[in-house]
Amino acid sequence: MKTIEQDTLSLTERDLKVIWHPYTQMLNAIIPTAIVRAEGSYLFDDDGKRYIDAISSWWVILHGHSHPYIADRVSAQIRKLDQVIFAGFTHEPAVELAEKLLGLLPLNQQKVFYTDNGSTSVEVALKMCVQYWHNQGKSRKMVLAFHHGYHGDTFGAMSISGRSAWTAPFDTYLFEVLYIDTPTAENIAGLKKQISEVSDQLACFVYEPLVQGSAGMLMYGATELDELMRHCRAENVLLIQDEVFTGFGRTGKHFAANHLREAPDVMCFSKGLTGGTMPLGVTTCTENIYNAFLSKDKLKTLFHGHSFTANPLACTAASASIDLLLREETQQHIERICRRHAGFMSRIHNHIRVESVRQTGTILAIEWRTETGTSYFDDLRNLLYDYFLSKGILMRPLGNVIYILPPYCISDKDLDFIYDEIEGALDIY
Ligand SMILES: Cc1ncc(COP(=O)(O)O)c(C=O)c1O
C-alpha cells in the first residue's frame with residue numbers, strides 16, 4: 001500500500017530519500033532521471049522525453065532494450081523454472097548456454113563456471129589460477145596486470161585493477177600486483193624481459209584484451225598482445241582474458257579472442273552476456289585448469305559459489321541473446337556500425353579540439369583536447385554529460401573522453417544525430 005507521501009512525491013524525490021547511487025557523490029548529485037520505459041535504442045523518462053542510449057547502459061545492451069525475443073524466452077522460463085540451487089542440481093538453460101558459449105570460444109575453453117556479474121567472474125578466474133598452483137604444491141603467488149586496467153569493484157578485482165582514486169581508501173587491503181604497460185612495437189621487448197625476471201613467481205597475467213574500457217577506452221594492438229601472450233605461455237604464466245566488456249560483438253568480432261592467434265587459459269564474461277537484460281557472470285577455463293582441481297583431497301575443491309549461480313532466467317536470456325547475436329541481420333548491424341564509426345572518425349580527426357580519436361569495432365572514443373590533460377574529474381566531463389543529455393543522448397564521458405558504443409540495432413539516422421551533436425559539442429567546448 002502506498003503512503004500519502006509516496007502519492008504526492010515524484011519518483012526522483014522518493015529516490016533521493018531512500019537510495020544511494022553507484023559512483024555518485026550524493027552530497028551534490030545531479031537529480032537522477034526517472035526512466036519508465038525502454039525500447040530498442042531508446043530510454044523514455046517520466047515526462048515522455050526520449051534519450052538515445054549511446055553507451056548501451058553501461059556497455060551491456062546488445063540488441064536493443066526490451067527485445068521481444070529475449071522477453072518471450074525469459075517469460076516462458078519463469079513460468080517453468082525460476083531458480084534452483086546449482087550445487088547438486090542442474091537445469092537445461094545452464095547446460096544449453098554452456099554448450100552454446102563454448103561452441104563460440106577458442107577450442108581450448110572446455111568448462112563453464114557461473115557467477116552473477118563481471119567482478120565475480122574475475123574473482124573466480126583469479127581463484128582458479130591461484131589455486132591451480134596451490135593444488136600442485138607450487139608457490140606462484142604474484143599476479144601480472146596492466147597499468148590502468150579495470151576488472152571490477154570487489155576486493156580481488158580491485159587488487160588487479162590499476163590503483164586510482166577509486167581504490168585509494170582500500171589500497172592497504174589490496175594484494176600486490178606487478179603492473180606493466182600495454183604493449184607496443186617499441187616496448188614489447190622490455191615487457192618480455194620484465195616478465196621473465198619474475199616469471200617463476202607469477203601465477204597469472206590478467207588483461208582486458210585490445211580495449212581498456214574504464215581507463216578511457218585506451219586501445220592497443222592484437223599483434224603485440226599475441227606476442228605477450230605467447231611469451232607468458234612460454235614462461236608458464238597462466239592467462240586470464242577479461243572479456244566482460246569486449247565480448248559479444250563489441251570489437252567487431254564475436255570476442256576479442258577472435259582477433260588473436262593465441263588462446264588464454266581462462267576467460268571472463270558478463271555485461272552483454274544476457275544481451276544486457278539480467279545479471280550473469282561466466283568464467284570459462286581449459287581442461288588443464290579444471291583437472292588441477294580433480295582430487296580425492298577435498299581441500300583441492302574450488303570453494304566458490306553464489307546464491308544466484310546459473311540462475312535459469314539469466315541463462316535463458318543469455319542463450320536467447322546469443323541466438324540473436326548469430327543472426328545474419330545482427331552481424332550486418334555490427335559491420336554497419338564499424339563502418340559508420342570509421343567514417344565519422346576520419347571526419348573529425350583533424351578537429352582542433354580532438355586530441356585523439358580511436359576505434360575498435362563498434363567502440364568509438366574521442367579524447368577532447370584540454371589544458372589539464374586526461375582526468376576523470378575534469379569539469380568538462382559534467383559539461384559534456386549535461387550537454388548530450390539535453391540533446392536527448394545518453395553519454396557518460398570518462399573525464400575528457402567521450403565514447404559511443406550503441407546497441408547494435410541503432411539506426412543510421414540516430415548514429416548521424418549523435419555524430420552531428422558530437423561535432424556541435426566540439427565546436428562549443
Ligand atoms: C573489463 C571489465 N571487467 C570487469 C568489470 C566488472 O563488471 P561488473 O560491473 O559487472 O562487476 C568491468 C566493468 O566495467 C569491466 O569493464
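The protein chain has 14 helices and 16 strands. Both are DSSP runs numbered from the N terminus: helices are H or I with at least four residues, strands are E with at least two. The radius of gyration is 22 Å, close to the 22 Å from the globule rule for 429 residues, so the chain is as compact as a globular protein of that length. That radius is taken over C-alpha atoms, and the rule is 2.2 Å times the number of residues to the power 0.38.

Two words on provenance. This is a predicted model: local features need pLDDT of at least 70, side-chain atom pairs count only at pLDDT 80 or more, and totals for chains, interfaces and linings use all residues. Residues are numbered from 1 along each chain as its sequence is written.

Buried residues make up 43% of the 429. Buried means 20 or more other C-beta atoms within 10 Å of the residue's own, exposed means 12 or fewer, partly exposed is in between, and C-beta atoms are placed from the backbone.

Now helix 5, residues 92-104. Its buried residues are P93, A94, L97, A98 and L101. They cover an arc of only 130° around the axis, which puts them on the same side of helix 5. The arc is that of directions from the helix axis to the C-beta atoms. E99 and G103 are exposed on the other side.
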